[in-house]
Structure formats: structure tokens, C-alpha cells
Amino acid sequence: MTMLKKSLIALSSALTLTICSQAYASYPEKPITFVVGFPPGTSTDAVARILGESMGRKLGQSIIVENKPGVGGSLGVAQVAKAKPDGYTLVLSATAPMNINPHVYKSLTYDPLKDLEPIGQSTWLPYVLVMNKTKNVNSFKELIDYAKAHPGELTYASIGKGTTSHLLMEMLSKTSGIEMVHVPYSGSTQSQSDVIGGNVDMTFDTVVSALPHVKAGRLNALAVSVNKRAELAPDIPTIEEQGIPNFNMGAWLGFFAPKGTSPEIIQKLHSTLNESLNDSETRKKLIALGSEVVSSESPQTFADMVKENYETWGNLVKTAGIEKQ
């Protein structure tokens, strides 16, 4: 290769780097879209709008929230997986589309570990194990003792096979060595009503959804599903505190970009997200939704967590004997 040719290649590379650096420095130059795989009014939608407002101010651009509900949140993820990797179309995903649905649905058009670039976690939604009053079971220990003495008698509600509420109970059964009967419902309103009414014995529900019924005396709260007490319910002990180690299961929310989005843009979005999560007013709004505010140390840290959860939930799906739909 001639010296002239080498010089031209070096010059071309330098110019390309300069242009790319200028492009990253000026990002974003137009509005950004946050895709949400759930309907307006859901907790995921609310988190997206709160963070969209805060991050938009910090980035100097408006952020539009676009709802794309369907297939347990997976339609929104699929849309972003196919989007142009320029940093202008992101998805705020929950646990299910990234960690559970790939093990449950045959028709998904994306690979959660290969088709998206993790940006960072935003929140963590703890669940609480609640029980109706009819069995006179008032603590987690009493529940385990009763279930072991009466195998297969107790029933639990979920919002459907393969959902978080179902798999949390499968995890509890597996780790505590008890047997219970699963009663799936099509939504949380009916399942919660039947637990309150005594038609089903118990369920895992989000803290923010179950807490009003606990405070009103309609349900007994036995334990939270994560390894530290929930900010909204500090009096409810964790499952780990009550004898089952390493029980730390809940629903996380986090941002992803299409595969191929530049590392510089990913890092800028990650930094901006964490700045928003550290903002006191933004934190107050998120905590009011029943969420725990959780930030990732780096995009890679978030990616590692997603991969670990993918394997954990996948094993639970297999344990539950759920076949792909």
C-alpha cells in the first residue's frame, strides 16, 4: 500500500470520527419517542410520562410517549427492536416482555438478549403476598406450616399462566416445599376480589394495589417478594427475613434502544436517566406510584441483570410446566 493511500485512509477515518463525534455531541436534535407496551393509565405508562418529562428537560427536547399494547407488553418491544438505531425510538419495558414472554410465546419476533441495547433500570415494583381472612393464617410461618400440614388444599390466584403473579407463587412453592392449587384469572381486579371474598386463599399482587385492602382489614399481608422492605409498606417483612434465602423477585422497568445504537448515545441516555432518577421531585412522583426507584451503575450492569433474570424466570416457566402458546 502506498504512503498516499495510507494517508487518505487515515484522513478518511479521522473525518468520520470527527463527524460522528459532532453528531453525538448534538444529540438529540429532534423529539424522542418512548414506546410503552401497555395501555395509557398503567403503571408503566405513568413511569414513562414522569421520566419523559424530566429527561426531556435535561436533554432539551420533548419526549413523546407512544402506547403499543398487546401480547403482554411484547408488541412495543418488537416495534423498537425493528426501529432505526439512532437514539430517537426507545422502549420502557417491564420484566415480562424481556424475561418471561420469550419463554411463553412462540410468535415473538425479537430476541431480548440480542436485538436491543440496554440503557438502564428505572424502577422496581415489589409484590406482596396477601391472604384472605377465612383461614385465620396471620403470618408467613403460619402459612408454610398450614400448607405443609394440608398439601394441595390451599389455592392461589394469578392474572394468568406465565404471569409474574403466577411465577412468584411457583417460586415460593419450590423454595418452601409446599403444594398449592393455581387458579388463573384474566385480570387483577377479579383475582383480587375473589381473594378478598374468600373464594381463593391468596395471591401475589403489587404493593400499591394490595395495600389499601390490607389497611382496610380485608386482607392479611404476609410478606413482600423482594430482599428489602418496601418503602410504602415498611411494616411488612420480606420472605428472606422469614426463612427463605435469596428470595428477591419483583417486576423491574428499564429502557432499551434498538441494537446498533451507538455507545455514545446509550451512555448519554443512561446518564440522563440516572440524573432524573436522582431528582427529588421525580423520585417523589415515582414512589407515589408504588415503585422503588432503582438506577443501574452502567448499561452493562443493567444488561447483566436482564440476562440473569431471563434465566431465572425461564427456569420458573419450565418448573411450572408452561408450554409455549
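Analyst: Accessible areas come from the Shrake-Rupley method with a 1.4 Å probe, and for residues only the protein chains shown count as cover. By this method the protein chain exposes about 14,800 Å², of which carbon and sulfur atoms supply 53%. The model is predicted: local features need pLDDT of at least 70 and side-chain atom pairs count only at pLDDT 80 or more, while totals for chains, interfaces and linings use all residues. Residues are numbered from 1 along each chain as its sequence is written, and side-chain values use heavy atoms, with hydrogens and water left out.

User: What share of the 325 residues in the protein chain is buried?

Analyst: A residue is buried under 20% relative accessible area, exposed over 50% and partly exposed in between, with a 1.4 Å probe and protein chains only. Buried residues make up 50% of the 325 residues here. The C-alpha atoms fill a box of roughly 85 × 40 × 30 Å, taken along the principal axes.

User: How many helices and strands does the protein chain have?

Analyst: Helices (H or I, at least four residues) and strands (E, at least two) are DSSP runs, numbered from the N terminus. The protein chain has 11 helices and 10 strands.

User: Which strands pair with β4, and in which sense?

Analyst: Two strands pair if DSSP finds at least two bridges between them. Strand β4 (residues 116–131) pairs with β9 in the antiparallel sense over 9 bridges, and Thr123 stands opposite Leu253 in β9. Strand β10 (residues 292–293) runs antiparallel to β4 and is joined to it by 2 bridges; there, Trp124 has Glu292 as its bridge partner. With strand β7 (residues 202–206), β4 forms 5 bridges, again antiparallel, and Tyr127 stands opposite Thr206. Strand β8 (residues 220–224) is an antiparallel partner of β4 over 4 bridges, with Val130 bridged to Ala221. As for cover, 16 of the 16 residues of β4 are buried.

User: How are the two sides of β5 to be read: are they covered or open?

Analyst: In a regular strand the side chains alternate between the two faces of the sheet. In strand β5 (residues 155–158), Thr155 and Ala157 lie on one side and Tyr156 and Ser158 on the other; all are buried, and both faces are covered. This strand pairs with β6 (residues 181–184) in the parallel sense over 4 bridges, and the partner of Tyr156 in β6 is His182.

User: What should I look for in helix α9?

Analyst: An α-helix has 3.6 residues a turn, so residues three or four places apart point the same way. The expected span of a helix is 1.5 Å times one less than its number of residues. Helix α9 (residues 263–277) has 15 residues and reaches 21 Å from its first C-alpha to its last, close to the 21 Å expected at 1.5 Å a residue. Its buried residues include Ile265, Ile266, Leu269, Leu273 and Leu277.

User: Which residues is Ser276 in contact with, beyond its neighbours within four places in sequence?

Analyst: Contact means heavy atoms within 4.5 Å. Ser276, found in helix α9, is in contact with Leu51, Ser54, Met55, Lys58 and Thr282, leaving aside those neighbours. Ser276 is buried, with a relative accessible area of 0%. Ser276 and Ser122 are 154 residues apart in sequence and 9.4 Å apart in space, C-alpha to C-alpha. Among contacts in the protein chain between residues at least 6 apart in sequence, 77% join residues at least 24 apart.

User: How many aromatic pairs are there?

Analyst: A pair of aromatic rings is described by the distance of the centres and the angle of the planes. Rings of Phe, Tyr and Trp (its six-membered ring) pair if their centres lie within 6.5 Å; planes under 30 degrees apart count as stacked, over 60 as edge-to-face and the rest as tilted. By this rule there are 5 aromatic pairs. Tyr27 and Tyr88 form an edge-to-face pair, with 5.3 Å from centre to centre and 65° between the planes. Tyr27 lies in the loop between α1 (3–26) and β1 (32–36) and Tyr88 in the loop between α3 (74–81) and β3 (89–94), so the pair ties together parts that are 61 residues apart in sequence. Both Tyr27 and Tyr88 are buried.

User: Why is the pair of Trp252 and Phe302 edge-to-face?

Analyst: The ring centres of Trp252 and Phe302 are 5.6 Å apart and their planes stand at 90°, so the pair is edge-to-face. Trp252 belongs to strand β9 (residues 250–258) and Phe302 to helix α11 (residues 299–319), and the pair links these distant parts of the chain, 50 residues apart. Both Trp252 and Phe302 are buried.
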